[in-house]
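Subject: Structure for you to look at

Hello,

Here is the structure I promised. Please open it alongside this email; my notes follow below.

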Amino acid sequence: MDFVELETIEGLRWSWNSWPTTKSDSSALIIPLSVMCTPLMQQPELPILPYEPILCSQCGAVLNPYARVQYTSRIWFCPFCHQKNTFPCSYTGIGETNLPAELFPTYSSVEYAPNRKISRSNTISGSNSNLKQNWANGFSSSSVSLSSMVSSASLSSGDSRGVGPAFVFVVDTCSAEEELRALKNELLLVVEQLPENSLVGLVTFDSMVRVHDLGFSECLRVVMFHGERELSSDQTRRFLGIKRTNQMQLGVAPVIQKQGFLMPLSECDFSITTAIEEIHCSAQVVPGHRPQRSTGAAISAALGLLEGCLVNSGSRIMVFTSGPATLGPGIVVDSDFSNAIRTHRDLINGSAPYYRRSCGFYRQLSQRLSDASIVLDLFVCSLDQVGAAELKNAVESSGGFMLLGESFESYQFRNSLRHIFTRDEEGNLKMYFDATIEVVTTKDVKICGALGPCVSLQKRNELVSSNEIGEGGTSVWKLGTLTNKTCIAFFFQVSDGKDIQPGSAFFIQFITKYRYGSSGIRKRVTTAARRWVGKRAPEIAAGFDQEAAASVMARLAIHRAETTHARDVIRWLDDALIGFTSKFGDYAQEDPSSFRLSSNFSLYPQFMYYLRRSQFIDVFNSSPDETAFFRLMLNREGVVGSLIMIQPTLFQYSFDGPPFPVLLDIRSISADVILLFDSYFHVVIHYGSNIAQWKKFGYDKDPKHENLRKLLEAPEVDAEQLVSERVPAPKLIKCDQHSSQARFLLAKLNPSVTQNSTYTDGSDIVFTDDLSLQVFLDHLQVLAVQG
């Protein structure tokens, strides 16, 4: 079974593609029944339907290819709850040779865009164009035409095409002057590229918070807040003079109150440009002290501004900072340099005086962000920590972007910021705001929860399990924003019912509703079917996706790591792995040498070995900010990206032929080869000692050594491609064998040869007390065969 090919069709990766029929049998699988869902995965032949979906009157599921249809009586039966539903009169022409796209067997995913203009290129594609052409004709000849459906949908959706998304830029003016200069240049480029109907605001801060009045053109005017005060949303609104508007009515376009702090770009282009240009370093340098920063108060002020304006077209608070908050709500550390910023040891020992209080403050903000559908982005460019660990919950739950960089002048920052503001072919910003994901299942499947950048909406029904995992207790989740690569892990369990027949099918449907730029509300509907199987059916093993399972277990591990010690998480991973291999391995009792795993399971122990020694679990040599960033990225990445984070890739370049993958092992280092290492966050080009010498002597510039020049170029071209395609861009490191920078590679390699090895065979050695992969597997076999 090709799981990658299935993912390109469905946007889903299942840990188990065949499910046992009882709750006890599914629990015995060790690895939970789960689905890695990428709701808006780019699909080459995704049909865009310019009308509203048809819903089941009982369970709310959307009409899909698995529905049973009676064409003559224009009735369809829901595959989830078996409810009988009638088609609307606009479906008069439906028939076996005249199917709408949502019923076509090859379309497990369709997208509904009621406000989109009708285009046959969107509804007719591929070898079945005749069927789709007839279907379009059938619609146009019916009593209620498709165009009338579209216009009525536009009226009911309440979308305002005149108002674009809102962006409030929150800028730390304690940054160095050269850093601010680079940041201002990028912000001016962003403003220049924004659609004219976008709403913009500007907040700057040091020890005071300044909200800029962009509607006052005579001079620069700001409203100042003291950085030490924690203000509520109502207080912020009152100080800004924003009166509370009446609650928005359904079907009525939002009315933005006339005020100068958040304005359409078309009305304040000159003001926002001037205000950004006039930002300057305002830090008061006191020897032995950090600058006075009120980051938490600035974010709170920006949030209060957006809440007061009732923006419902999507909004982002984009924070740019280069140091920790030293006063007010969200404080990270005292300004006095004699007080060091908190480490992981301080957090474990309870020696970080402000950590819990600041985390509590940002948890309150994250609830307000979720309620108002506002995204919080954090761009950090600093060589020290700034408090990303405290901010992680607010950024992650809103679906925001986090970048930990070294300088606002770096390619990493420029590339990341520009990527966020890219546009599609129609000129819309490629931003998907105010999203919800609803999961509908057949009655025998219960929903346990989700892990990812989402928030539970606590909407319970009979499909929701009492066993909660992550964000549970609901069948609907909210996301402030998402991208084409945002991936959510959903967890399920089998109900206690006894009437499930092996061989029968069950269904899961994912309904993703989101606001696409300025072009209105869309719905992406993905419906998938799998089969129930007996307790010892071979289909269970055949349907195991070890890559998806490793990604799911990694998310569960970091979820546990937030509240328990790393050693307890590692013990939990080890216990699960021992139980798993004991169940699915082939062996003679008490005979480790007889232990075998089939190809479907053979890589899974290796994934777990690298996971337990990864920076996600073993936080030694990582700061709390770095750990927060690593875990945030893992918790939203798809299966392929997650695996690279867990077990990095290693390619060898040599004179012997084209590049090829090699083992992530210390023995792969050789004097005559170049290694390209990709751990998602770092890309390392490692030159063997001989090649490094030849490069130093300039042999590659000699026409007689053309092969050497090509060999040196090949990994650089591949590395540049990796860096350019990934956001945030990984750090590119070029190093020679035995140099200090080689530590980025050595730290991730399997230490098969260490200082304790008796036979090294000329290989490099790793100075470590860690277990090698082989020793780990040997121990695993001994424990697995004990039964």
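This is a predicted model: local features need pLDDT of at least 70, side-chain atom pairs count only at pLDDT 80 or more; totals for chains, interfaces and linings use all residues.

Glu706 is partly exposed, with a relative accessibility of 29%. Its salt-bridge partner is Arg709, at 2.1 Å from N to O. Arg709 is partly exposed too, at 27% relative accessible area. Both residues belong to helix α21, which spans residues 706-725. They sit three residues apart, about one turn of the helix.

The structure has 28 salt bridges in all. Some of them share partners: Glu7, Arg13, Asp545 and Glu547 are joined in this way into one network.

**Strand β24 and Glu111**

Which residue forms a salt bridge with Arg522? Glu111 does, with 3.2 Å between N and O. Arg522 is in strand β24, while Glu111 is in strand β8 (residues 109-112), so the pair ties together parts that are 411 residues apart in sequence. Both Arg522 and Glu111 are buried.

Arg524 lies in β24 as well; the strand covers residues 521-533. Is Arg524 buried or exposed? Its relative accessible area is 7%, so it counts as buried, the cut-off being under 20%. The side chain of Arg524 makes a polar contact of 2.4 Å with that of Glu111. A polar atom of the Arg524 side chain also lies 3.1 Å from the backbone oxygen of Met41.

The surroundings of Arg524 are worth a look. Beyond its neighbours within four places in sequence, Arg524 is in contact with Pro39, Leu40, Met41, Gln43 and Leu46, among others. Its list of contacts also includes Val110, Glu111, Phe510, Ile511 and Thr512.

**Arg631 and Glu562**

Arg631 and Glu562 form another salt bridge, with their closest N and O atoms 3.5 Å apart. Arg631 is in helix α18 (residues 624-634), and Glu562 is in the loop between α15 (546-561) and α16 (566-584), so the pair ties together parts that are 69 residues apart in sequence. What is the relative accessible area of Arg631? It is 9%, and Arg631 is buried. Glu562, at 44% relative accessibility, counts as partly exposed.

**The five-stranded sheet**

Five strands make up an open sheet with mixed pairing. Their order is β1-β3-β22-β18-β20. The edge strands are β1 (12-14) and β20 (464-470); each has a single partner strand, so one side of each is left without a neighbour in the sheet. From one strand to the next, the twist averages 25°.

Strand β18 (residues 445-451) runs parallel to β20, and two bridges join them. Ile447 stands opposite Val464 of β20. Helix α15 packs on this sheet. It touches β1, β3 (33-37), β18, β20 and β22 (488-494). The direction of α15 makes about 95° with that of β3.

**Helix α19**

How many of the eight residues of helix α19 (residues 639-646) are buried? Seven are, and the helix is mostly covered. The buried residues are Val639, Gly641, Ser642, Leu643, Ile644, Met645 and Ile646.

Best wishes

Terms used:
Residues are numbered from 1 along each chain as its sequence is written. Side-chain values use heavy atoms; hydrogens and water are left out. Helices (H or I, at least four residues) and strands (E, at least two) are DSSP runs, numbered from the N terminus. Buried means under 20% relative accessible area, exposed over 50%, partly exposed in between (1.4 Å probe, protein chains only). A polar contact is a pair of N or O atoms within 3.5 Å; within protein, one must be able to donate a hydrogen and the other to accept it, and residues adjacent in sequence count only if both atoms are side-chain atoms. Contact means heavy atoms within 4.5 Å. A salt bridge is a side-chain nitrogen of Lys or Arg within 4 Å of a carboxyl oxygen of Asp or Glu. Two strands pair if DSSP finds at least two bridges between them. Axes are lines fitted to C-alpha atoms, for helices over the stretch in contact, and angles run from 0 to 180 degrees between N-to-C directions.
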